[in-house]
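Thanks for coming, everyone. Let me put the structure up, and then we walk through it.

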Amino acid sequence: MKQRARWAAGAGALAVLAIGGFGWNVATAPPQIHSQDQLIQVVDGPKDDQHVTLDTTFFAPPGHGRAPAVLLAHGFGGSKADTRAQAVKLAHAGYAVLTWSARGFGKSTGQIALDSPDYEVKDVRQLIDWLAKRPEVQLDAPGDPRVGMAGGSYGGGISLMAAAYDHRIDAIAPAITWNDLADSLLPNATGAGAQNGVWKKLWAGLFFSGGGTTKTTGPCGRFLPSICAMYQQVATTGLATPEAVQMLKRSSPSSVAGQIKAPTLLIQGQSDSLFPLDQADANATALRRNGTPVSVVWFQGGHDGGDPETARVDGLVQGWFDHYLRGRNVSTPAFTVTRPRGFDSSSQQINVQVATGRTYAGLDANARTVGLTGDEQSINNPAGGTPASISALPGLGGAGGLASLAGGGGVGSLDAAGQAATFDSARLTAPLQLTGAPRVRIRVATDSADDVTLFAKLYDVGTDGQATPTRLISAPVRIVKPGAGGAEADVTLAGEDYRFAAGHKVRLVLASTDMGFSTSPKPAIYRVSAVSGLSVPAGPTLVSPALPLSAWVWAVPLAALAAAAAIVLVGRHGAGSTEYDPDAAEIPLQITGLTKAYRNGHLAVDGVTFQVEKGQVLGLLGPNGAGKTTTLRMLMGLIHPDAGEIRLFGHRVVPGAQVLSRLGSFVEGPGFLPHLSGRDNLDLYWKATGRPAADSHVDEAVKIADLGTALDRPVRTYSQGMRQRLAIAQAMLGLPDLLVMDEPTNGLDPPQIRAMRDVLVNYATDGRTVIISSHMLAEVEQTCTHVVVMHGGRGVAAGPVADIVGSGRRLEDAFLAIIGENA
């Protein structure tokens, strides 16, 4: 028998108002699946005196019998529409499914209470009461439906919280969610707790400042005033208060984990700086203590992007419900982890393997100690905490995508100069598997009387000395007033799954700043040392299928994140990055003798030379493999040329060069957070650069891109053409003097292509310059004033379009003739 945990609900609490009556609407799915929209009235609040209307949709299973039900909860900033596709799949599989917009979101009324037991949890209880009255839903007892619950992030949190308070819930599948909201927003890798934590300011700002809501009625949108006041106080000081910690913990599964009995499938993302793997681990540990059946899944996605693995994850969720709601013999491994196994350039996909284990052993299993070298090092905490190092940027992805910006044998461009201490292992004599959370003991001293904040992370140093971030999610550390005498602390780094190759080194980095967190604004020098080796857990024994599975990677394009980083990574290089030719100050781009060969010997770019003047729209043309993309990557400072140089406005381009802030780029296709509006995506991108909001010139960029009223709609509603316009508006933020576009008309229909042409031509006014790499020769002929033709890595023609085309020819004819002559 299920245990009961009931609240008294006032009369009329479940009155149902159907939108447009009780008529059935055919869902966008197989014809036998039908959906019904309705408004459900609930009563919640500490005193059960707040009346809230929830916007819901019920999906009936095919057939005429009763079936188990599933509640699907959406993520923060979303609505019931976000879960429709999964709801249809589950209904088609024979489940009755109810989706809803949580209080404060979508068309539902009420204010956001962060999955509070007094508000959102009570709402779910009454939704279960409603399901119990449906003739399509299987009952275990009167008023007790057979029901599972799933959701991601905010939806995952309410799945866990509701299961703790209502034992009618028979199984749950929460994804990318928290165990302790206080520890998530105020983490401290020493284990000292949220009261001594480091404020995760960028993520918190994104949520609390109205970015996740569709109706802004004050400084915190549709949040409860008490939550808004808490946020404003902590955000102002960057320090926890007892009241804030208590409020956040009350909305946390950690506070009620002992009450959760429903079998739980915990799905956590490896690309997640908001709720890292330790949050799922804490949930798993607590639930196993209850004897609750638990399985853990680590997949490639998360709040920072990556591959959502939608089909596989949805399949796991359905299998979990099939087993626990229907009694089918569906086996889910105790532990599953997805591992990337190389990039397939022909399909533009990442090959991944799914490894599984019979046990989940936590984040510290089968550890070995790797020695670290390096004496005590002094690092600078800059005044105002600026410039700051970069790990993960909310919504823009982990800095692992910026690996190509990391410099030779040093710390790399992701860590501000003078602000990071490094401690390396010896070269590994065999591959080293990391599956879990590494640990290290450090010592910190300072002449300052204040607390010391550090950020611990790992790099993989290759045989060539190149330092590449692993998953690079910083583990923030606050050591309370260590003083000149110093203090030691045991630090647990972020959990991850990563394989270091033989011959490589493991590098521990301790940085004094991180763009995503609040740090002390007072200048200080910290003396830092590693007093132990690095404990590296290998995790349990896992098995993988013989052949890798292919999975499409949904991620913010590398170029978009790199562009943001290029703007903020200013002054992080030596004198070489400031070489300047004043005679070329008015020339947007000079490329001289540019050469790049890859390690396999392929000469991608061979002595290319050309120049672009102000006001020009230049087309960079060439067949596949001509070297166009490699040239653009060198232009953006993403990779180093082997010979030659690139100058922007007289400044030599190197990774992190200040002049890169005058360049905007759109390369590799648009990537945005679909639940946010176009405007919120642009604001988020600009915040990640660290530059003042007034410098974004967002209104001018939006006007040139001609986004119109679509700017305030969620990006998920955009056409391909509108997504391209938004991507170009993003590249135009700050009104860069040089705009670089790679295939900006891909996927557009003829009217959209014409509109895009007008956007680019309009931008190249007032002396601004545009470079377009494209295969659409007819469009280049109509858009560009000048062209450069590349073939076999060489520049084979350059000049005004009229001169290249000549008399009586199309650009396509001229292009083919040039390529033929240089074959």
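One definition before we start: contact means heavy atoms within 4.5 Å. Keep that in mind for our opening residue, Pro-736. Leaving out residues up to four places away in sequence, Pro-736 touches Arg-662, Leu-663, Gly-664, Ala-731, Tyr-763 and Arg-768. Note also that this is a predicted model.

Stay with Pro-736. It is found in the loop between H14 and S37. Pro-736 and Gly-664 are 72 residues apart along the chain, and their C-alpha atoms are separated by 5.5 Å. Is Pro-736 buried or exposed? Pro-736 is buried, because its relative accessible area is 3% and the cut-off for buried is under 20%.

Now look at Leu-735. It sits in the loop between helix H14, residues 720-732, and strand S37, residues 738-742. Its phi is positive, about 45 degrees, and Leu-735 is not a glycine. Most residues other than glycine have a negative phi. Leu-735 has a relative accessibility of 19%, so it counts as buried. The limit is under 20%.

Lys-481 also has a positive phi, about 40 degrees, and is not a glycine. Where is Lys-481 found? The place is the loop between strand S24, residues 475-479, and strand S25, residues 487-492. Lys-481 is exposed, because its relative accessible area is 53% and exposed starts over 50%.

Next, backbone again, but the peptide bond this time. Most peptide bonds are trans. Thr-386 and Pro-387 are joined by a cis peptide bond, with omega about 0 degrees. Pro-387 lies in the loop between strand S16, residues 377-381, and strand S17, residues 392-393.

Another proline to look at: Pro-333. It is found in the loop between helix H9, residues 310-326, and strand S13, residues 335-344. With a relative accessible area of 27%, Pro-333 is partly exposed. Setting aside neighbours within four places in sequence, Pro-333 is in contact with Ser-295, Thr-356 and Gly-357. Pro-333 and Val-297 are 36 residues apart in sequence, and 8.8 Å apart in space from C-alpha to C-alpha.

Let me zoom out to the whole chain. The protein chain has 823 residues, and 60% of them count as buried. It has 18 helices and 40 strands. Consider contacts between residues at least 6 apart in sequence. Of these, 76% join residues at least 24 apart. The accessible surface comes to about 30,400 Å², and carbon and sulfur atoms account for 52% of that.

On to the aromatics. How many aromatic pairs does the structure hold? The count is 12. One of them is Trp-199 with Tyr-231. That pair is tilted, at 6.2 Å centre to centre and 40 degrees between the planes. Trp-199 lies in the loop between H4 and H5, and Tyr-231 in helix H6, residues 225-237, so the pair ties together parts that are 32 residues apart in sequence. Trp-199 and Tyr-231 are both buried.

A second pair is Tyr-498 with Phe-500. This one is edge-to-face, with 4.8 Å centre to centre and 65 degrees between the planes. Tyr-498 and Phe-500 are both buried too.

There is also an aromatic cluster to show you. Phe-76, Phe-105, Tyr-154 and Phe-223 form it. Hold on to Phe-76, Tyr-154 and Phe-223 from that cluster. They come back in a moment.

Last topic, cavities. Rolling a probe the size of a water molecule over the atoms shows where empty space is left. Here the count comes to 11 cavities of 30 Å³ or more. The largest cavity holds about 130 Å³ of space.

Which residues line the largest cavity? They are Phe-76, Leu-114, Ser-153, Tyr-154, Trp-178, Leu-181, Leu-185, Phe-207, Phe-208, Phe-223, Leu-274 and Phe-275. So much for the return of Phe-76, Tyr-154 and Phe-223. Helix H4, residues 181-185, and helix H5, residues 201-211, each supply at least two residues of this lining. By class, the lining has 11 nonpolar residues, one polar residue and no charged residues.

That is my tour. Over to you.

Terms used: Residues are numbered from 1 along each chain as its sequence is written. This is a predicted model: local features need pLDDT of at least 70, side-chain atom pairs count only at pLDDT 80 or more; totals for chains, interfaces and linings use all residues. Side-chain values use heavy atoms; hydrogens and water are left out. On a 1 Å grid over the protein atoms alone, a cavity is a set of points where a 1.4 Å probe fits but cannot get out, and a pocket is an open set with protein on both sides within 12 Å along at least five of seven lines; lining residues have an atom within 4 Å of a point. Grid points are joined across faces, edges and corners, and a volume is the space filled by probe spheres set on the points. Helices (H or I, at least four residues) and strands (E, at least two) are DSSP runs, numbered from the N terminus. Ala, Val, Leu, Ile, Met, Phe, Trp, Tyr, Cys and Pro count as nonpolar, Asp, Glu, Lys and Arg as charged, and the others, Gly among them, as polar. Buried means under 20% relative accessible area, exposed over 50%, partly exposed in between (1.4 Å probe, protein chains only). Accessible areas come from the Shrake-Rupley method with a 1.4 Å probe; for residues, only the protein chains shown count as cover. Rings of Phe, Tyr and Trp (its six-membered ring) pair if their centres lie within 6.5 Å; planes under 30 degrees apart count as stacked, over 60 as edge-to-face and the rest as tilted.
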